[in-house]
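Please examine the sequence and the structure shown here before reading the report.

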Amino acid sequence: MSYDLMVFEKSKAPATKKDFMSWYEKQTQWGEEHDYQAISVSSPSLQNWFMEMKETFPPMNGEYAPDPDLVDKDENLENHMVDYCIGRDVIYAAFSWLVADEAYELMRSLAQKHKVGFFDVSGNDGDIILPDGTMIV
């Protein structure tokens, strides 16, 4: 089981938690017709977020995945590998629980920096936070 977080294009997300959760369910059916490893399908804000995020938490798959030989030799790198699922309006990220706190802090701060929303999928309260710090309730 993984520790899951998501960033999203704030202009596409509903304003209430109930509507957001319905939208989230639709987004995570992964019904868009494209490669879910390709960052080029996302909005510029999500692309910018990803390009910075991957420096600390590289993707397991896709064009930005590190060389498997490097991963085999570096346990820290292996623990920081992330399974990203990239949509047009969302990027879903599945982390190792070993790095949950670090992942949460970096992902949330980069979401604010790049003006995208943040959703704590695995969190008890499922916080949904907009870039200005406002929570969707």
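## Basis of the model

This is a predicted model, in which local features need pLDDT of at least 70, side-chain atom pairs count only at pLDDT 80 or more, and totals for chains, interfaces and linings use all residues. Residues are numbered from 1 along each chain as its sequence is written, and side-chain values use heavy atoms, leaving out hydrogens and water.

## Overall fold

The chain has five helices and five strands, which are DSSP runs numbered from the N terminus (helices: H or I, at least four residues; strands: E, at least two). From the N terminus on, their order is β-α-α-α-α-β-β-α-β-β. Of the 137 residues, 47% are buried, meaning under 20% relative accessible area with a 1.4 Å probe and protein chains only.

## Nonpolar cores

A nonpolar core is a set of buried Ala, Val, Leu, Ile, Met, Phe, Trp, Tyr and Cys residues joined through side-chain atoms within 4.5 Å. The largest one holds 25 residues, of which Trp49, Tyr84, Ile91, Phe95 and Met107 touch the most other members. Strands S1 (3-8), S2 (83-86) and S3 (90-95) and helices H2 (44-53) and H5 (100-113) each supply at least two residues of this core. H5 gives the most, with six residues.

A second, separate core has 13 residues, including Phe8, Phe20, Tyr36 and Val90.

## Helix H2

Leu46, Trp49, Phe50 and Met53 are buried in H2. Seen down the helix axis, the buried residues of H2 fall within an arc of 95 degrees, so they line one face; the arc is that of the directions from the axis to the C-beta atoms. The cover over these residues includes S1, S2, S3 and H5.

Methods
Buried < 20%, exposed > 50% of the residue type's maximum accessible area, 1.4 Å probe, protein only. Contact = heavy atoms within 4.5 Å.
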